[in-house]
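Colleague: Before I plan anything around this protein, could you take me through its metal sites and its surface charge?

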Protein chains: 2
Amino acid sequence: MLSLVEENYLKTIYHLSDGGGQQVSTNAIADAIKTKPASVSDMIRKLDRKGVISYTKYQGVNVTSEGISAALKVIRKHRLWEVFLVQHLKFNWDEVHEVAEQLEHIKSPLLIERLDEFLGHPKVDPHGDPIPDSQGVIKARPQIKLGDLSPKSEGLIMAVNDSGSSFLQHLDKIGAYLGARILVVDKEEFDSSLRVKIDDGEILFISKEVASNILVEELTS
Amino acid sequence: MLSLVEENYLKTIYHLSDGGGQQVSTNAIADAIKTKPASVSDMIRKLDRKGVISYTKYQGVNVTSEGISAALKVIRKHRLWEVFLVQHLKFNWDEVHEVAEQLEHIKSPLLIERLDEFLGHPKVDPHGDPIPDSQGVIKARPQIKLGDLSPKSEGLIMAVNDSGSSFLQHLDKIGAYLGARILVVDKEEFDSSLRVKIDDGEILFISKEVASNILVEELTS
DNA sequence: TACTTAATTTAGACTAATCTAAAAAATAAT
DNA sequence: ATTATTTTTTAGATTAGTCTAAATTAAGTA
Ligand SMILES: [Mn+2]
Ligand SMILES: [Mn+2]
Ligand SMILES: [Mn+2]
Ligand SMILES: [Mn+2]
């Protein structure tokens, strides 16, 4: 059984490791969790002892298969709660993340299965992120960064890489939303900014930073 | 701002004080929270410093008006979540208390107001306990213990005094539920047990312990 | 290879919450 | 009014999680 703090570390490490693939450094964890590297050293030793990561000093950490399954359980809860907040409590997609950070730690297998059922077994959360099923199976969808779309091609907005409210409010402002059709009019060599059209609207400028946090599925036209 | 543990202490003290009325002793708190009196001594000094209770050594504690309002906020959340679990996630009334003990600590004013709205501003929880409104106003309903009902009189089951699953499962077994009509056939002098009829069903025996945890509104027949 | 810098770990200290054992105060009983 | 008992508080330790500062290891550079 993991504490709330341990769950947060594990989830963060899982994300940084790209689903268990990459090795993760102490500093990267400290950065993501907004804590000090010294605290991370302590915690990863503990998580290693609990078997959810494997760690050798100065070598960074890897998530074990038990760790992956535990992380996916937390992520499943986080994303199901986000769906609930948006679909039933009229939250905007930029208001859900903070609350879901708390709700994801509620311990009750019955609760989460009933919530999943209540929501109709949703496949993605309000940010387009896939929701692991009760077995921990998560299916990725083919999606690339908007910034990697070639000029003149078109895509559908499938997900966002940043669930912070400032980014999402910016998307609201420019009229971008999940499911929107987006056409890359052209791309500026110098700063990698884009000019795009959303749903055949007027031309908008999009910075490299924004473009890298919008995930699209290319439309084969 | 109170920690999760402080919220639990305050809520317990509020309940033991009967809504802020009575003074509460260290041992009573320790008993209710299943902790040691030494721990309670530490905590009540802290809660006093935070202004939610007033405490003088060896004198027990009283809940302040700030304390009452903070306790009612936690209780409101607890009871709203219980309604959600029963009405929307198909939980039985004996399954909700443990989960609500966790959910009551989620911090988000928006969440709780939206949940209240989603639920249609319910007035009581699945155990018949009144839900404070967003201003912290809680209106008690006239109800007495089943054990205090005189023989031959009839009442409606309005609430239960014990939300533990074993008690509630017992009620399920004998067919007692909120809203049921209950007739006291007669009362045994010796052990204060009752013989009752629920909704004109067959005669049942009810012990003093059970009778004191069932709250009824007397029917003026 | 030797030196410099960056990353990581350890040492020691702190807060929150808890416990056991012992001391002090308040009640109850002779 | 003295004891005896119960209640409450204090003293000292423990665990989880965090921090700063110092030591250690690894990596980068000349
Ligand atoms: Mn989120
Ligand atoms: Mn999300
Ligand atoms: Mn309850
Ligand atoms: Mn209840």
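Colleague: Which residues coordinate the manganese ion (ligand 2)?

Modeller: Please bear in mind throughout that this is a predicted model. In sequence, the donor residues of this ion follow the spacing E-x42-D-x1-H, and their donor atoms lie at 2.1 to 2.3 Å from the metal. The residues that coordinate the manganese ion (ligand 2) are Glu82(A) through OE, Asp125(A) through OD and His127(A) through ND1.

Colleague: How many residues apart in sequence are the parts that Glu82(A) and His127(A) tie together?

Modeller: Glu82(A) and His127(A) are both buried. Because Glu82(A) belongs to helix H4 (residues 65–88) of chain A, while His127(A) sits in the loop between helix H6 (109–118) and strand S3 (144–145) of that chain, the pair ties together parts separated in sequence by 45 residues.

Colleague: Which residue bridges the manganese ion (ligand 2) and the manganese ion (ligand 1)?

Modeller: These two ions lie 3.3 Å apart. The residue that bridges them is one of the donors of the manganese ion (ligand 2), namely Glu82(A).

Colleague: How far apart are the manganese ion (ligand 4) and the manganese ion (ligand 3)?

Modeller: The manganese ion (ligand 4) is coordinated by Glu82(B) (OE), Asp125(B) (OD) and His127(B) (ND1), at 2.1 to 2.3 Å. Glu82(B) coordinates both this ion and the manganese ion (ligand 3), and Glu82(B) and His127(B) are both buried. The separation between the two ions is 3.3 Å.

Colleague: Is Glu188(A) buried or partly exposed, and what is its relative accessible area?

Modeller: Glu188(A) is found in the loop that joins strand S5 (181–187) to strand S6 (194–198) of chain A. On the surface, Glu188(A) gathers with Glu189(A), Asp191(A) and Glu209(A) in a patch of negative charge. Because a residue counts as buried only under 20% relative accessible area and as exposed over 50%, Glu188(A) is classed as partly exposed, with a relative accessible area of 41%.

Notes
Residues are numbered from 1 along each chain as its sequence is written. Chains are lettered from A and ligands numbered from 1 in the order in which they are written. This is a predicted model: local features need pLDDT of at least 70, side-chain atom pairs count only at pLDDT 80 or more; totals for chains, interfaces and linings use all residues. Side-chain values use heavy atoms; hydrogens and water are left out. Patches are made of residues with over 30% relative accessible area and no salt bridge: like charges are joined within 9 Å, nonpolar side chains (Val, Leu, Ile, Met, Phe, Trp, Tyr) within 5 Å. Accessible areas come from the Shrake-Rupley method with a 1.4 Å probe; for residues, only the protein chains shown count as cover. A salt bridge is a side-chain nitrogen of Lys or Arg within 4 Å of a carboxyl oxygen of Asp or Glu. Lys and Arg count as positive and Asp and Glu as negative; His and the chain ends are not counted. The place of a charge is taken as NZ of Lys, CZ of Arg, CG of Asp or CD of Glu. Helices (H or I, at least four residues) and strands (E, at least two) are DSSP runs, numbered from the N terminus. Buried means under 20% relative accessible area, exposed over 50%, partly exposed in between (1.4 Å probe, protein chains only). Donors are N, O and S atoms within 2.8 Å of the metal (3.2 Å for Na, K and Ca); water is not among the atoms, so sites may look incomplete.
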